[in-house]
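Me: Can you take me through this model? I'd like to go over the helices, the salt bridges and a few single residues.

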Amino acid sequence: PLVMYVVLRKDLDWPMGAMVNQACHACAAVTWESKSDPEAVAYFTEVEGQMTTVTMGATDLGQFTKLADKLQAAGVPHRVWTEQPENVPSSLATWPRRRSMLQKLFKGIKRF
């Protein structure tokens with residue numbers, strides 16, 4: 001199936017509501033940026049009957065950055081959300097892609 005992975009940093013010690021906001025910001029940015037991508041259109045219009053999202057938690061900035069670099073190297077479009085004015089990278093979301101393509105890139109990262 002088409003899936004979207006969302007990753008939040010677990011080391012920020014922010015209130016849960018603030019962390020949910022970070023995930024929402026990253027997802028909203030991906031929705032807008034990928035609006036003409038065929039896989040994203042299929043995902044967001046629920047062509048396959050569902051929208052599957054997997055929420056993961058990076059232990060710290062190091063693991064978060066390593067994952068973003070891995071996604072970049074693999075050619076996976078994604079968006080890192082950097083909270084302002086703090087300038088803190090807090091979350092990322094992938095563009096919708098096949099689970100078989102994304103799953104291996106998230107090895108070692110646990111669910112949030």
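Reply: What follows goes through those topics in turn.

Me: What kind of model is it, and how are residues numbered?
Reply: It is a predicted model, in which local features need pLDDT of at least 70, side-chain atom pairs count only at pLDDT 80 or more, and totals for chains, interfaces and linings use all residues. Residues are numbered from 1 along each chain as its sequence is written, and side-chain values use heavy atoms, with hydrogens and water left out.

Me: Start with α1. Which residues are buried there?
Reply: Met19, Gln22, Ala23, Ala26, Ala29 and Val30 are buried in α1. Buried means under 20% relative accessible area, exposed means over 50%, and partly exposed is in between (1.4 Å probe, protein chains only). Helices (H or I, at least four residues) and strands (E, at least two) are DSSP runs, numbered from the N terminus.

Me: How are they placed around the axis?
Reply: They cover an arc of only 125° around the axis, which puts them on the same side of α1. The arc is that of the directions from the helix axis to the C-beta atoms.

Me: Why would residues a few places apart point the same way?
Reply: An α-helix has 3.6 residues a turn, so residues three or four places apart point the same way.

Me: What do the buried ones in α1 pack against?
Reply: The buried residues of α1 pack against β1, β3 and β4. Contact here means heavy atoms within 4.5 Å.

Me: What about the length of α1?
Reply: The 18 residues of α1 should span 26 Å at 1.5 Å a residue, and its end C-alpha atoms are 26 Å apart, which agrees. The expected span is 1.5 Å times one less than the number of residues.

Me: Trp32, buried or exposed?
Reply: Trp32 is exposed, with a relative accessible area of 60%. Trp32 is found in helix α1. Between Trp32 and Trp81 the C-alpha distance is 13 Å, and the two are 49 residues apart in sequence.

Me: Now α3. Which side chains are buried, and which are exposed?
Reply: Phe64, Leu67, Ala68 and Leu71 are buried in α3. They cover an arc of only 100° around the axis, which puts them on the same side of α3. Lys66 and Ala73 are exposed on the other side of α3.

Me: And what does α3 pack against?
Reply: Its buried residues pack against β1 (2-9), β2, β3 (78-83) and β4 (88-94). As for length, helix α3 (residues 61-73) has 13 residues that should span 18 Å at 1.5 Å a residue, and its end C-alpha atoms are 18 Å apart, which agrees.

Me: Where does Ala58 sit?
Reply: Ala58 is in strand β2 (residues 52-58). Ala58 is buried, with a relative accessible area of 0%.

Me: What is Ala58 in contact with?
Reply: Leaving aside neighbours within four places in sequence, Ala58 is in contact with Val7, Leu8, Arg9, Lys10, Asp11, Gln63, Phe64 and Ile109. The C-alpha atoms of Ala58 and Lys110 are separated by 7.4 Å, and the two residues are 52 residues apart along the chain.

Me: Switching to salt bridges. How many does the structure hold?
Reply: The structure holds 5 salt bridges. A salt bridge is a side-chain nitrogen of Lys or Arg within 4 Å of a carboxyl oxygen of Asp or Glu.

Me: What does Arg9 pair with?
Reply: Arg9 forms a salt bridge with Asp11, with the closest N and O atoms 2.9 Å apart. Arg9 is buried at a relative accessible area of 7%, and Asp11 counts as partly exposed at 35% relative accessibility.

Me: Which parts does the Glu33 and Arg79 pair tie together?
Reply: The side chains of Glu33 and Arg79 meet in a salt bridge (2.7 Å, N to O). Glu33 lies in helix α1 (residues 16-33) and Arg79 in strand β3, so the pair ties together parts that are 46 residues apart in sequence. Glu33 is partly exposed at 34% relative accessible area, and Arg79 is partly exposed at 25%.

Me: What about Glu48?
Reply: Glu48 forms a salt bridge with Arg98, with the closest N and O atoms 2.7 Å apart. The pair links distant parts of the chain, with Glu48 in the loop between α2 (38-44) and β2, and Arg98 in strand β5 (residues 97-98), 50 residues apart.

Me: Which residues are linked in a network?
Reply: Asp37, Glu39 and Arg97 are linked in a network of salt bridges.
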